There are 2 protein chains.
Amino acid sequence: MTINGNNDGLSRRDLIINSGKAAAGAAILSIGALNAVKTADAYEYASTFKYEKLDPHEVGQVTYENYFKRWCTSSVIAGFVEALKKKVGSSWKDFPIDAYRWGHGGMAGWGALCGTMPGAGVIIGLVTKNTDTAEEMTNDLAFYYSYTELPDFEPSKIIKAQIKHMTIAGTPVCHISVGRWMRAEGVAFLTDQRAERCARLAANIAMETTKMLNAWVDGKYAPKHQPLYNVASNGITSQNNCKDCHGQYVPSPNKTYETLKK
Amino acid sequence: MTINGNNDGLSRRDLIINSGKAAAGAAILSIGALNAVKTADAYEYASTFKYEKLDPHEVGQVTYENYFKRWCTSSVIAGFVEALKKKVGSSWKDFPIDAYRWGHGGMAGWGALCGTMPGAGVIIGLVTKNTDTAEEMTNDLAFYYSYTELPDFEPSKIIKAQIKHMTIAGTPVCHISVGRWMRAEGVAFLTDQRAERCARLAANIAMETTKMLNAWVDGKYAPKHQPLYNVASNGITSQNNCKDCHGQYVPSPNKTYETLKK
């Protein structure tokens, strides 16, 4: 497993090419150490936020409508909070929905994690109150986001534009996900169509989250996927589709990237 | 600007190669539409969470210590909450620190956005109460994260391991950031050294956030960077360093990735 050695000059390509070798190690680790990573530290925590079963399409519709003002992260939160304010009340009543708007566009437009994911994560984390459950549910949600043709949400009334395509993002990374859809649809980022797509996608994520939380509150939620780290073969926090983004690219070892600590 | 046309078969490489052309369009847009994106929708929002000036190193130290139980996202939150519980009280007293733990490892280990960023973002969003301010501050923090040699935090007592290297991540993306550091240090992910690095990095992010919030509460915070989208030349939510990850890679147009909506 080359990543254990002294590999100062090891390129990302080496890491990717060697992932087959690392896989063997990871497979062994997944039985022992990696499962330990998942479960050993799991614990319950207190939170004043309660959940009651909601109608997935209603949550999706409110999310969709909120997107055009609040963008991805806060629109997913709004979908839940508007409903839970009425149904549960208490802590949800003064929930600061917009305090999470910075999550949009992969964090302030940096294009990293799609903002719908932390939006859903905030709700999941607040209501499930168990680190393992929140981990399992956000992991399932990332699989749903990455490997489902989206968006298939149909708004009751289209706000911005007709759109033609659904795409499989292959990742929860914002700029890859939206870029693949833009390429399919043939439109630029600052278009009504792209906004419409992200609004419907946010609705889909809110709906899927609602379904998981509804099952959970009934004691029927069972995770659909292994934690990514248990099945990952890269020895790092990542998906297994390295070449999907990185291809054959060999980044030249750049010594300006690293300095010794004092 | 090819991304406006009908480009069903347009590859990511085309998008990247054409970014120069797109830049001209983006430069024009940045004066008009893109600035409008930033400011037109900005608004104040209510939140019961108050901030008082904190000692950056103390926040960093608590973050560092919490990392080994709570991982990146919740450890940054703990750094603030533990201090604000004592100094401000009220809403901070029953803050569910662990409700955000799923943000670790780029979201449940998926390697997307470094978990320290949403950790800091949660605090920034809750206390600044203005969508523009939260946007500016999280943007500045992403620049700090991406283009500073880190970690340079020195714990009062080392918990896990001595580490030798600092690296410039070039991005707030988890697996790139930690991968570059692992390559420099020559260690694998499941090592005491890597855990130590992420704990110190979390401390650095918490400290930088403290400094910004301290300036803000004194009315002295001024953003250091343009919103990325205003300076971006890619017509999408991303940094401008496309080739840093994608290189010369040409993804083959994969029709299974896209389907027409009913």
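Of the 262 residues in chain A, 52% are buried. Keep in mind as you look around that this is a predicted model. Chain A has 10 helices and 2 strands, and from the N terminus on they come in the order α-α-α-α-α-α-β-α-α-α-α-β. As for how the chain folds back on itself, take the contacts in chain A between residues at least 6 apart in sequence: 69% of them join residues at least 24 apart.

Start with helix α8 of chain A, residues 192-217. With 26 residues at 1.5 Å a residue, α8(A) should span 38 Å, and its end C-alpha atoms sit 37 Å apart, which agrees. Is this helix mostly covered or mostly uncovered? Mostly covered: 19 of the 26 residues in α8(A) are buried. Just past the end of α8(A) you'll run into G219(A), which takes a positive phi of about 75°.

What follows α5(A) is K129(A), with a positive phi. Most residues other than glycine have a negative phi, so this kind of spot is worth a look. K129(A) is not a glycine, yet its phi is about 60°. It belongs to the loop between α5 and α6 of chain A. With 19 other C-beta atoms within 10 Å, K129(A) is partly exposed; the cut-off for buried is 20 or more.

M107(A) is another non-glycine residue with a positive phi, this one near 85°. Look for M107(A) in the loop between α4 (56-87) and α5 of chain A. Is M107(A) buried or exposed? M107(A) has 31 other C-beta atoms within 10 Å, so it is buried.

Most peptide bonds are trans. The one from L150(A) to P151(A), though, is cis, with omega near 0°. P151(A) sits in the loop between α6 (131-147) and β1 (165-167) of chain A. Hop over to chain B and you'll find a cis peptide bond joining L150(B) and P151(B), with omega about 0°. P151(B) is in the loop between α6 and β1 (165-167) of chain B.

While you're in chain B, see how some of its helices pack. Helix α5 (residues 116-128) and helix α6 (residues 131-147) of chain B meet at an angle of about 155°, their axes 9 Å apart. That makes α5(B) roughly antiparallel to α6(B), and the crossing is right-handed. On the α5(B) side, the residues in contact are M117(B), A120(B), G121(B), I124(B), G125(B) and T128(B). Facing them from α6(B) are T133(B), A134(B), M137(B), T138(B), L141(B), A142(B) and Y145(B). By class, this contact between α5(B) and α6(B) has 8 nonpolar, 5 polar and no charged residues.

The spacing of these residues brings a general point to mind. An α-helix has 3.6 residues a turn, so residues three or four places apart point the same way.

From α6(B), the contact takes in T133(B), M137(B), D140(B), L141(B), Y144(B) and Y145(B). α8(B) answers with I205(B), E208(B), T209(B), M212(B) and W216(B). The residues of this contact between α6(B) and α8(B) divide into 7 nonpolar, 2 polar and 2 charged.

Finish at I123(B), which is found in helix α5 of chain B. I123(B) counts as buried, with 25 C-beta neighbours inside 10 Å. Leaving aside residues up to four places away in sequence, I123(B) touches I77(B), F80(B) and T209(B). For a sense of distance, Y221(B) is 98 residues from I123(B) along the chain, and their C-alpha atoms are separated by 16 Å.

Methods
Residues are numbered from 1 along each chain as its sequence is written. Chains are lettered from A and ligands numbered from 1 in the order in which they are written. This is a predicted model: local features need pLDDT of at least 70, side-chain atom pairs count only at pLDDT 80 or more; totals for chains, interfaces and linings use all residues. Helices (H or I, at least four residues) and strands (E, at least two) are DSSP runs, numbered from the N terminus. The expected span of a helix is 1.5 Å times one less than its number of residues. A residue is buried if 20 or more other C-beta atoms lie within 10 Å of its own, exposed if 12 or fewer, and partly exposed in between; C-beta atoms are placed from the backbone. Axes are lines fitted to C-alpha atoms, for helices over the stretch in contact, and angles run from 0 to 180 degrees between N-to-C directions. Angles under 35 degrees count as roughly parallel, over 145 as roughly antiparallel, 65 to 115 as roughly perpendicular and the rest as oblique. A crossing is left-handed if the near helix is turned anticlockwise from the far one by less than a right angle, and right-handed if clockwise. Two residues are in contact if their C-beta atoms, placed from the backbone, lie within 7 Å. Ala, Val, Leu, Ile, Met, Phe, Trp, Tyr, Cys and Pro count as nonpolar, Asp, Glu, Lys and Arg as charged, and the others, Gly among them, as polar.
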